[in-house]
Amino acid sequence: MKVQILEKNGDSIRFIIDGITTSLANTLRRIILSEVPCMAIDDVMIIENNSVLHDEILALRLGLIPLKTDLDSYNLPEECECKSELGCPLCRAVLILDVKAESKERVVYSKDLIPEDPKIAPISDKIPIVKLAPGQRIRLEAYARLGKGKDHAKWQPVSACTYRYMPEVSIDYERCDGCGECVNICPRKVLDKSNDGKVEVRNLLECILCRDCINVCPKDPPAINVNGNKESFIFYVESTGVLPVERIISEALKIYDKKCLEFLEEISVNLNVSKKDENN
Amino acid sequence: MQEQGSRRAIGSGLKNEGDYMIIPIRCFTCGKLIGDKWEEFIKRVKNGEPAGKVLDDLGIKRYCCRRMLLSHVEIIDDLIKFYGKRDVKNENRR
């Protein structure tokens with residue numbers, strides 16, 4: 001297996017994994033989407049709310065606010081030792097919102113959410129939660145906890161996680177007469193003509209395997225061929241900002257590791273049981 | 001009239017305006033955070049910048065996220081005016 005990082009800017013990363021199967025690539029994608037935990041507000045205790053948004057809508061909006069996640073100091077509630085429905089300081093974080101609009105309209109922003117643990121804070125200060133008319137007030141306590149994407153999309157640490165086959169473009173120079181039809185039709189400008197009129201591949205990674213170049217080629221059979229390499233993948237992962245992307249990927253692999261070990265253990269236990277049955 | 005026309009241009013295509021009262025926090029489709037970009041977006045668009053360019057500047061690449069801002073109408077502003085007036089009236093009565 002070979003990994004090559006193509007680009008990393010801020011919360012997103014693009015890399016090539018060479019030498020794995022589609023099923024493994026898809027496993028990685030699905031674990032990132034549905035199993036990597038992150039923090040989100042789950043329960044909300046509304047003490048006062050006379051804004052134009054109903055309590056339920058308000059709670060849903062709060063839940064969707066991405067919170068910076070500290071995976072090392074918090075447990076998943078179902079794995080926490082406290083076994084309590086309300087949670088303990090190890091499996092939940094409290095945020096308090098108390099805002100009143102006095103004589104003017106006021107927008108309640110995510111920065112008004114005061115976290116008890118400063119590590120669990122909204123990733124952006126400028127998310128509008130609700131607008132208050134003069135005299136309206138909101139007072140609530142929000143409980144954030146770790147959760148998984150398979151339970152609710154608010155616990156999904158990524159806003160995009162995709163892979164596609166590595167493109168392979170081959171040109172048969174013995175038959176290609178350099179008419180340039182394929183260069184003109186390519187929507188991603190993968191192909192270009194060199195100075196001596198030869199068709200060349202310039203941005204291979206941009207190719208989306210649309211096969212327009214094959215269809216437009218006047219030669220029969222076409223002098224150009226495009227294929228996806230089914231053992232090489234271009235991955236794109238974009239974090240919502242709750243966790244750094246590298247952490248999301250390494251956490252996904254850790255979860256995969258744990259699942260495999262669990263499976264192995266279960267299978268060996270069952271094998272031993274059946275052996276004992278045979279001996280008896 | 002002028003003001004209404006400009007608002008149509010930014011938030012056309014809504015059938016039931018009560019559907020999104022205030023800018024959604026995340027993109028409905030992919031889950032990217034877009035709520036915090038609304039105020040800058042609408043300010044710049046009202047100042048005459050082309051919406052597409054503003055979206056590019058804000059780093060909103062996918063069309064699922066772009067439609068969130070492009071097609072949004074902030075209804076809550078109209079509602080709040082109504083509530084504000086009512087509260088002032090009530091205070092006067094007391």
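Modeller: Happy to. In soluble globular proteins, nonpolar side chains tend to be buried together. Here the largest nonpolar core has 77 residues, and A:Ile32, A:Val130 and A:Val237 have the most contacts inside it. Such a core is a set of buried Ala, Val, Leu, Ile, Met, Phe, Trp, Tyr and Cys residues joined through side-chain atoms within 4.5 Å, where buried means under 20% relative accessible area (1.4 Å probe, protein chains only). This is a predicted model: local features need pLDDT of at least 70, side-chain atom pairs count only at pLDDT 80 or more, and totals for chains, interfaces and linings use all residues. Side-chain values use heavy atoms, without hydrogens or water, residues are numbered from 1 along each chain as its sequence is written, and chains are lettered from A and ligands numbered from 1 in the order in which they are written.

Biologist: Why does this core lie between domain 1 and domain 2 of chain A?

Modeller: Because domain 1 (2–34 + 159–238) and domain 2 (39–155) both give residues to this core. The bounds come from an automatic or database domain assignment.

Biologist: What is A:Ile32 in contact with, leaving aside its neighbours within four places in sequence?

Modeller: Contact means heavy atoms within 4.5 Å. The partners of A:Ile32 include A:Pro157, A:Cys161, A:Val237 and A:Ile248. A second, separate core of 15 residues includes A:Val183 and A:Cys217.

Biologist: How far apart are the centres of the two domains of chain A?

Modeller: Taken over C-alpha atoms, the centres of domain 1 and domain 2 of chain A are separated by 43 Å.

Key
Buried < 20%, exposed > 50% of the residue type's maximum accessible area, 1.4 Å probe, protein only.
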